[in-house]
Amino acid sequence: KYAYEYLVGCKTGYTNDAGYCFVGAVKKEDRTLVSVVLASGWPPHKNYKWSDTKQLMHMGVNDYTVHTIEKMHIPEEIAVVEGIGEYVDLTCQWEEQRLLLAPWDDVDVKIRMEETIEAPVEAGEIVGYGTLSVNGEVLYTVPIETVERMERYTLSYCIEFILKRFLWM
């Protein structure tokens, strides 16, 4: 603990190929950060590993905090072309995401989905995706799906509907 305030463990080493190395962990509040420094100098620069590691740990402890990305807001429904109804409901199994982020990280939640779909529609049909990206890298993708089934509005559907409605009341 004398080497760094939040240090919980470390291991140093040296090989001719890898130079001076360090693996360690720091714990502060709700997060544990691991630092791995390889090839951090060769003799006589034995102390480079310490200064490199302290810089990494200091940045991790002071610049990064846990952020929660709760719910992605998707449209409640999607229009259906040639269906017996106008819309079907949508669902998305988005799970809360906890990310370790710095103030300069760019977080982007996007929804990409069709504007309309064509009947017939099955329950669970994928109509788009929600994505969570940090600094342009996609970290989480989840499908946006239809909740219910919808038949196509056809002549046979109309005849069947009329027969059920008026003959078998």
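Because the model is predicted, local features are reported only at pLDDT of at least 70 and side-chain atom pairs only at pLDDT 80 or more, whereas totals for chains, interfaces and linings use all residues. Residues are numbered from 1 along each chain as its sequence is written, and side-chain values use heavy atoms, with hydrogens and water left out.

We begin with the strands, where helices (H or I, at least four residues) and strands (E, at least two) are DSSP runs numbered from the N terminus, and where two strands pair if DSSP finds at least two bridges between them. Strands β1 and β2 are paired in the antiparallel sense over eight bridges, with A25 of β2 as the bridge partner of G9, and a hairpin of three residues connects β1 to β2.

The loop between β1 and β2 holds N16, which counts as exposed at 64% relative accessibility. The C-alpha atom of N16 is separated by 70 Å from that of E151, and the two residues are 135 residues apart along the chain.

Helix α1 covers residues 48-63, and its 16 residues reach 22 Å from the first C-alpha to the last, close to the 22 Å expected at 1.5 Å a residue, where the expected span is 1.5 Å times one less than the number of residues. Within α1, the residues K49, T53, M57, G60 and V61 are buried. These residues cover an arc of only 90° around the axis, which puts them on the same side of α1; the arc is that of the directions from the helix axis to the C-beta atoms. An α-helix has 3.6 residues a turn, so residues three or four places apart point the same way. The buried residues of α1 pack against β1 (7-15), β2 (19-28) and β3 (31-37), contact being defined as heavy atoms within 4.5 Å.

Rings of Phe, Tyr and Trp (its six-membered ring) pair if their centres lie within 6.5 Å, with planes under 30 degrees apart counted as stacked, over 60 as edge-to-face and the rest as tilted. The whole structure contains four aromatic pairs. Among them, F22 and W50 are edge-to-face, at 5.4 Å centre to centre and 65° between the planes. Since F22 lies in strand β2 and W50 in helix α1, the pair ties together parts that are 28 residues apart in sequence. F22 is buried, with a relative accessible area of 2%, whereas W50 counts as partly exposed at 31% relative accessibility.

Turning to the cysteines, the structure holds zero disulfides, a disulfide being a pair of cysteine sulfur atoms within 2.5 Å. For C10, the nearest cysteine sulfur is that of C21, 13 Å away.

Conventions: Buried < 20%, exposed > 50% of the residue type's maximum accessible area, 1.4 Å probe, protein only.
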